[in-house]
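Please consult the sequence and the three-dimensional view alongside the text.

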Amino acid sequence: MNFDFKEIATVGMVLFAVIDIVGTIPIVVDLRSKHGHIESGKASLAAAFIMIVFLFVGEGLLKLIGIDVHSFAVAGSLVLFFLALEMILGIRIYRDTEASSASIVPLAFPLIAGAGTMTTLLSLRSQFYTENIIVAIVLNIILVYGVLKSSSKIETMLGKTGLGVVRKTFGVVLLAIAVKLFASNVKGLFV
């Protein structure tokens, strides 16, 4: 075993920035208002499962079905783009009439364990030991669970106006991340 606290901290910080659970609070609150409640535990476990499985089989799985990492990242950037438009413009593009709650889609995937996270995991695997990445994933998922569980308290603390400002601000940030993810991967589609 090659446990290294410095590696765990580095990978943990990178994943924290990519997952951006603090920035998704407005989306979480919006999903809770649409669906009635958030299944925090189910969403957190599903996201952890998706991330750990993708860490081991992601690149091989994408190659098996004929998709390269760039195509995957571009597709993920488009999902993020539309989520950001929902946040900024106050429109609703994503409709899930079957779901009684928000847990797996769109919370666990693509918000927590989305294309940006998946692409990051593939690049981290080439630089760090797998066991350190797994520990960093688990630590981030614990933090994600805490934020999801306390989303109603955060909503009360911010109020409707504060939440609206945060939502639009993070919508612009999410839009910028989507554009950056798209721009950095679209060239790879034509190589």
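Helix α1 passes helix α7 in a right-handed crossing (a crossing is right-handed if the near helix is turned clockwise from the far one by less than a right angle, and left-handed if anticlockwise). The contact is made by Glu 7, Ile 8, Val 11, Gly 12, Leu 15, Phe 16 and Ile 19 of α1 together with Asn 132, Ile 133, Val 135, Ala 136, Ile 137, Leu 139, Asn 140, Leu 143 and Val 144 of α7 (contact means heavy atoms within 4.5 Å). By class, the residues of this contact are twelve nonpolar, three polar and one charged; Ala, Val, Leu, Ile, Met, Phe, Trp, Tyr, Cys and Pro count as nonpolar, Asp, Glu, Lys and Arg as charged, and the others, Gly among them, as polar.

The model is predicted, with local features requiring pLDDT of at least 70 and side-chain atom pairs counting only at pLDDT 80 or more, while totals for chains, interfaces and linings use all residues. Residues are numbered from 1 along each chain as its sequence is written, and side-chain values use heavy atoms, with hydrogens and water left out.

The axes of α1 and α7 lie 8 Å apart, at an angle of about 45°. Axes are lines fitted to C-alpha atoms, for helices over the stretch in contact, and angles run from 0 to 180 degrees between N-to-C directions. The two helices α1 and α7 are therefore oblique to each other; angles under 35 degrees count as roughly parallel, over 145 as roughly antiparallel, 65 to 115 as roughly perpendicular and the rest as oblique. Helices (H or I, at least four residues) are DSSP runs, numbered from the N terminus.

Helix α7 (residues 130-149) also packs with helix α3 (residues 40-64), at an angle of about 160° and with the axes 9 Å apart. That makes α3 roughly antiparallel to α7. On the α3 side the contact includes Ala 47, Met 51, Leu 55 and Phe 56, and on the α7 side it includes Ile 133, Ile 137, Ile 141 and Tyr 145. The residues of the α3 contact with α7 comprise 14 nonpolar, four polar and one charged. Here too the crossing of α3 past α7 is right-handed.

Helix α3 has a further partner in α5: their axes come within 9 Å and cross at roughly 40°. The pair α3 and α5 are therefore oblique to each other, and their crossing is right-handed. Lys 42, Ala 43, Ala 46, Ala 47 and Ile 50 of α3 meet Ile 104, Leu 107, Ala 108, Phe 109 and Ile 112 of α5. Nine nonpolar residues and one charged residue form the contact of α3 with α5, with no polar residue.

Attention now turns to empty space. Rolling a probe the size of a water molecule over the atoms shows where empty space is left. On a 1 Å grid over the protein atoms alone, a cavity is a set of points where a 1.4 Å probe fits but cannot get out, and a pocket is an open set with protein on both sides within 12 Å along at least five of seven lines; lining residues have an atom within 4 Å of a point. Grid points are joined across faces, edges and corners, and a volume is the space filled by probe spheres set on the points.

| Space | Volume | Lining by class |
|---|---|---|
| Largest pocket | about 370 Å³ | ten nonpolar, nine polar, two charged |
| Second largest pocket | about 160 Å³ | three nonpolar, two polar, four charged |
| Largest cavity | about 80 Å³ | six nonpolar, no polar, four charged |

The largest pocket is lined by 21 residues, with Val 18, Leu 80, Gly 116, Ile 177 and Leu 181 nearest its centre. Two or more lining residues come from each of α1 (5-19), α4 (69-89), α5 (104-112), α6 (115-125) and α8 (151-186). Helix α8 gives the largest share of this lining, six residues.

Helix α8 likewise supplies the largest share, five residues, of the lining of the second largest pocket. That lining includes Pro 26, Asp 30, Glu 155, Lys 160 and Arg 167, and α2 (25-35) also supplies at least two of its residues.

The structure holds one cavity of 30 Å³ or more. Of its ten lining residues, Ile 27, Asp 30, Lys 34, Leu 83 and Glu 86 are the closest to its centre. Helices α2 and α4 each give two or more residues to this lining, and α2 gives the most, with four residues.
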